[in-house]
Each structure stands twice: as structure tokens, then as C-alpha cells.
Amino acid sequence: MTIEPGEPQLRADARRNRDAVLTAARRVFAAEGLDAPLESVAREAGVGRATLYRRFPTRNDLLAAVFDDYVDRVAAVVREAPDPAGAYLEVLEACLEIERHDRAFLDLLAMRPSQDPVVARLQVRFVELVDAPLRAAQEAGRVRADLEPADTLTIVEMLAAAVRLAVTGGDAQRSRRGAALLLDAITPAAAGGGRDLSGV
């Protein structure tokens with residue numbers, strides 16, 4: 001195959017444009033939510049609409065790349081955790097921190113996997129990622145033994161509900177307290193006085 005002299009440069013430009021669009025999309029969606037105009041993304045990235053659509057032909061293509069980034073961040077938390085038994089709680093804290101600063105993540109958590117195959121794929125990947133950290137935390141006695149990996153999705157969604165108290169209701173104190181109560185509820189001490197969920 002003959003490579004024209006300008007082709008490597010074009011490929012490098014294409015990669016830079018894609019990275020710029022993704023970085024801009026993360027910022028714009030985080031601030032404005034998933035319904036933010038793509039024109040705002042292109043403007044933030046410093047590219048034209050044609051370039052944006054060349055890299056991401058549809059809004060869903062761009063959203064899928066942004067969504068993958070969220071799961072990549074969770075994977076990084078698991079990978080870099082100094083204590084494997086503490087990685088699970090670090091994942092929950094990381095998700096809570098994203099929820100507090102990223103409207104797009106809150107929007108994503110409100111989407112149903114039955115309505116969007118991208119969301120379904122991400123949920124499967126997320127549950128697979130938290131499986132080993134959850135087991136390690138359970139073996140170390142740091143979280144209740146009856147939790148299942150898929151319960152993590154419910155916990156993260158409940159944390160998002162607590163965050164929304166501050167975002168939409170302006171009640172930061174209730175938001176912080178709600179999140180703290182939820183995280184406390186998954187500890188072995190909470191399970192000792194509560195209902196056994198293993199058969200539910």
C-alpha cells in the first residue's frame with residue numbers, strides 16, 4: 001500500500017480533533033446535561049460541526065464515548081486502589097463525587113437499559129468491574145455479606161437521588177446526610193440489625 005506524504009499528518013489531526021471533541025463533550029455535558037446542543041460541544045472543542053460529525057456521526061456515538069469514559073474512571077479507581085479490600089468503597093465515593101459535579105452522569109443514571117443498548121452494555125461492564133472489589137471488601141468484613149455486584153447499580157442510583165436534593169432542591173445538608181446514610185447502610189453493622197437480603 002502506498003501512503004501519501006500527507007496521510008500520517010491527516011491521521012494525527014483526526015486523532016487530535018477526536019480527543020478535542022471528547023474533552024469538550026465531557027465539559028459541556030457535565031455542565032448542561034446530555035441534552036446540551038452539539039453546537040456547544042463543537043464550539044468548546046474549537047472545531048466546526050462538520051468535523052464533529054465526521055468523528056461522531058450521531059449524538060449517540062458521542063454519548064457512547066462519553067459514557068465509556070465514566071466506566072474507564074471506575075476501572076482506574078479499582079486498578080489504582082492501594083488496598084484491594086478498600087477499592088469497593090472507593091468506587092462508591094468516586095461515583096458520588098462524579099454525581100456531585102457532572103449533570104451528564106446524573107442523566108445517564110436516569111436512563112433505562114431496556115431503552116438503550118449502550119446503557120445496557122455499560123451496566124454489564126460496570127457490574128463486572130465491581131465484582132472482585134466487592135468480594136474483597138466482603139471477605140475483609142467492610143461491607144455487608146449479602147450484597148451482590150448488581151446491587152452496586154442501585155446504590156449508585158440512590159446516591160444520585162441524594163445528590164439531586166442539592167442540585168434541584170437546594171438542600172445541600174439533606175443531600176450530604178442522605179449520601180452518608182446510604183453508605184453506612186451497606187456496612188456489616190447495618191446488616192446486623194436489619195433484614196437479610198440473601199433470599200430477596
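Reader: In which element does Ala137 lie?

Author: Ala137 lies in helix 7. Before looking around this residue, some conventions are needed. This is a predicted model, in which local features need pLDDT of at least 70 and side-chain atom pairs count only at pLDDT 80 or more, while totals for chains, interfaces and linings use all residues. Residues are numbered from 1 along each chain as its sequence is written, and side-chain values use heavy atoms, with hydrogens and water left out.

The protein as a whole provides the setting. It has 10 helices and 0 strands, where helices (H or I, at least four residues) and strands (E, at least two) are DSSP runs numbered from the N terminus. Of its 200 residues, 40% count as buried. Buried means under 20% relative accessible area, exposed means over 50%, and partly exposed lies in between, with a 1.4 Å probe and protein chains only. The protein exposes about 11100 Å², and carbon and sulfur atoms supply 53% of this area; the areas come from the Shrake-Rupley method with a 1.4 Å probe, and for residues only the protein chains shown count as cover. Among contacts between residues at least 6 apart in sequence, 66% join residues at least 24 apart. A contact here means heavy atoms within 4.5 Å.

Ala137 itself can now be described. With a relative accessible area of 0%, Ala137 is buried. Leaving aside residues up to four places away in sequence, Ala137 touches Ala85, Tyr88, Arg142 and Val143. Ala85 is 52 residues away along the chain, yet the C-alpha atoms of Ala137 and Ala85 are separated by 4.4 Å. Ala136 also lies in helix 7. The C-alpha atoms of Ala136 and Pro84, 52 residues apart along the chain, are separated by 6.5 Å.

One of the residues touched by Ala137 is Arg142, which is found in the loop between helix 7 (117-139) and helix 8 (151-167). Arg142 counts as partly exposed because its relative accessibility is 36%. Not counting residues up to four places away in sequence, Arg142 touches Asp83, Ala85, Gly86, Ala137, Thr187 and Pro188. Its C-alpha atom is separated from that of Gly86, 56 residues away along the chain, by 7.9 Å. The loop between helix 7 and helix 8 also holds Gly141, which is partly exposed at a relative accessible area of 45%. From the C-alpha atom of Gly141 to that of Pro188, 47 residues apart along the chain, the separation is 6.8 Å.

The view may now widen to the packing of helix 7 against other helices. The axes of helix 5 and helix 7 come within 7 Å and cross at roughly 135 degrees. Helix 5 is therefore oblique to helix 7. Axes are lines fitted to C-alpha atoms, for helices over the stretch in contact, and angles run from 0 to 180 degrees between N-to-C directions. Angles under 35 degrees count as roughly parallel, over 145 as roughly antiparallel, 65 to 115 as roughly perpendicular, and the rest as oblique. In this contact, Ala87, Tyr88, Val91 and Cys95 of helix 5 meet Phe126, Val130, Pro133, Leu134 and Ala137 of helix 7. By class, the contact of helix 5 with helix 7 has 9 nonpolar, no polar and no charged residues. Ala, Val, Leu, Ile, Met, Phe, Trp, Tyr, Cys and Pro count as nonpolar, Asp, Glu, Lys and Arg as charged, and the others, Gly among them, as polar.

Helix 7 also meets helix 4 (residues 59-80), with axes that come within 10 Å and cross at roughly 0 degrees. These two helices are therefore roughly parallel to each other. Helix 4 contributes Ala64, Phe67, Asp68, Val71, Asp72, Val74, Ala75 and Val78, and helix 7 contributes Val118, Arg121, Leu122, Arg125, Phe126, Leu129 and Pro133. The classes in the contact of helix 4 with helix 7 are 11 nonpolar, no polar and 4 charged residues.

Helix 5 has a further partner. The axes of helix 5 (residues 87-101) and helix 9 (residues 172-185) come within 12 Å and cross at roughly 160 degrees. Helix 5 is therefore roughly antiparallel to helix 9. Here Leu92, Glu93, Leu96 and Arg100 of helix 5 meet Arg176, Ala179 and Leu183 of helix 9. By class, the contact of helix 5 with helix 9 has 4 nonpolar, no polar and 3 charged residues.
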